[in-house]
Amino acid sequence: MLPAFALLVVLMAAPGTARGQAPPAQPDAALTERAVGAWELSNPAGSRKCAVTLKPERAGAGRALTFGEGCVAAFPAIAAIVAWSVGPAGSIRWIDRGGQAAFDFEETEVGIFESLRQGDPSVYFLTSLALAGKTLPTADELAGAWTLGQPSGRSLCGLLLKQELAAGAGALEQRFAVEVAAGCERSVAALGLSHWRLERELLVFGGRAGTLSFKREEDGRWTKTPADNRPLLLSRP
């Protein structure tokens, strides 16, 4: 059985593979989970709309999706779409039967994405029914002391989120320093947390073992995402 600290380390996305080998680019798991759910495809005027569901299950070159009744009639260009994926910068890509990205939706507001296609005069909007209208958190709101623990109430460590840039961060990177309290459990110390940043509505920590992401809940606490059988919780002390 793995020791406790090793179990927590694997929760973080590993930054590399074997020495000397560059891993293939993979979409961030937290951004993929963020995209799963109910969406609406529309034209700019809103006169044409249809329901879209992005699913987590694998499908060909991406993940499964379904279109509501009448979608293809309203938007003929989507007839060949069979899957979706998240691009490196968080865009949502729709993939056709040939495995090619036929649509690339870029986020313009929280939960609202726009796609322009070469040779197609239409503009396509894709709106998340779960995210649209949400207010993004700010660094000012998150700065200060937090407790990292388990949903059961067991505390693992104290964290101080600072507003000064982390060591080595460029002026435009918005990677801020994080201070890990003395006496934290070995599982947390092993992560080597060195900075934090906001990625849309996600709070992302970086360290020696990769990244660890959290999403805000209605009660103001933050839960680890993607969810798994080893949940973590951030709360104010």
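Q: How many cavities of 30 Å³ or more does the structure hold?
A: One. Keep in mind that this is a predicted model.

Q: How much space lies in the largest cavity?
A: About 50 Å³.

Q: And which residues line the largest cavity?
A: The lining is made of L31, R34, A35, W39, V86, G90, S91, I92, F113 and R200.

Q: Which helix or strand gives the largest share of that lining?
A: Helix 2, residues 29-35. It supplies three residues of the lining.

Q: R200 is in that lining. Where is R200 found?
A: R200 is in the loop between strand 12 (193-199) and strand 13 (202-207). Its phi is near 60°, a positive value in a residue other than glycine.

Q: Is R200 buried or partly exposed?
A: Partly exposed, because its relative accessibility is 23%. The cut-off for buried is under 20%.

Q: New topic: peptide bonds. Which form do most of them take?
A: Most peptide bonds are trans.

Q: Then is the bond from T225 to P226 cis or trans?
A: The bond is cis, with omega near 0°. P226 lies in the loop between strand 15 (222-225) and strand 16.

Q: Which residues does strand 16 cover?
A: Residues 233-235. L233 belongs to that strand.

Q: Why does L233 count as buried?
A: Because its relative accessibility is 8%.

Q: What does L233 touch?
A: Leaving out residues up to four places away in sequence, L233 touches T147, L148, G149, Q150, P151, F214, R221, W222 and T223.

Q: How far is L233 from W146?
A: Their C-alpha atoms are separated by 9.9 Å. Along the chain, the two are 87 residues apart.

Q: On to the core. How many residues are in the largest nonpolar core?
A: There are 25. Those with the most contacts inside it are L41, L54, I92, W94 and F105.

Q: What does L54 touch?
A: L54 touches A35, V36, G37, W39, A64, L65, W84, I92 and W94, again not counting residues up to four places away in sequence. Another core lies apart from the largest one. That other core has 22 residues, including L148, C157, L193 and L232.

Q: Now the rings. How many aromatic pairs does the search find?
A: Nine in the whole structure.

Q: Why is the pair of F103 and Y124 called edge-to-face?
A: Their planes are at 90°, so the pair is edge-to-face. The ring centres are 5.0 Å apart. F103 is in strand 6 (residues 101-109) and Y124 is in strand 8 (residues 123-128). Both residues are buried.

Q: What sits over the ring of F103?
A: The charged end of R117, 4.2 Å from the ring centre.

Q: Which residues do ring pairs link into a cluster?
A: F67, F75, W94, F103, F105 and Y124.

Q: And F205 with F214, how far apart are their centres?
A: They are 5.8 Å apart, centre to centre. This pair is edge-to-face, with 90° between the planes. F205 and F214 are both buried.

Technical notes
Residues are numbered from 1 along each chain as its sequence is written. This is a predicted model: local features need pLDDT of at least 70, side-chain atom pairs count only at pLDDT 80 or more; totals for chains, interfaces and linings use all residues. Side-chain values use heavy atoms; hydrogens and water are left out. A nonpolar core is a set of buried Ala, Val, Leu, Ile, Met, Phe, Trp, Tyr and Cys residues joined through side-chain atoms within 4.5 Å. Buried means under 20% relative accessible area, exposed over 50%, partly exposed in between (1.4 Å probe, protein chains only). Contact means heavy atoms within 4.5 Å. Helices (H or I, at least four residues) and strands (E, at least two) are DSSP runs, numbered from the N terminus. Rings of Phe, Tyr and Trp (its six-membered ring) pair if their centres lie within 6.5 Å; planes under 30 degrees apart count as stacked, over 60 as edge-to-face and the rest as tilted. A charge sits over a ring if NZ of Lys or CZ of Arg is within 6 Å of the ring centre and within 35 degrees of the ring normal. On a 1 Å grid over the protein atoms alone, a cavity is a set of points where a 1.4 Å probe fits but cannot get out, and a pocket is an open set with protein on both sides within 12 Å along at least five of seven lines; lining residues have an atom within 4 Å of a point. Grid points are joined across faces, edges and corners, and a volume is the space filled by probe spheres set on the points.
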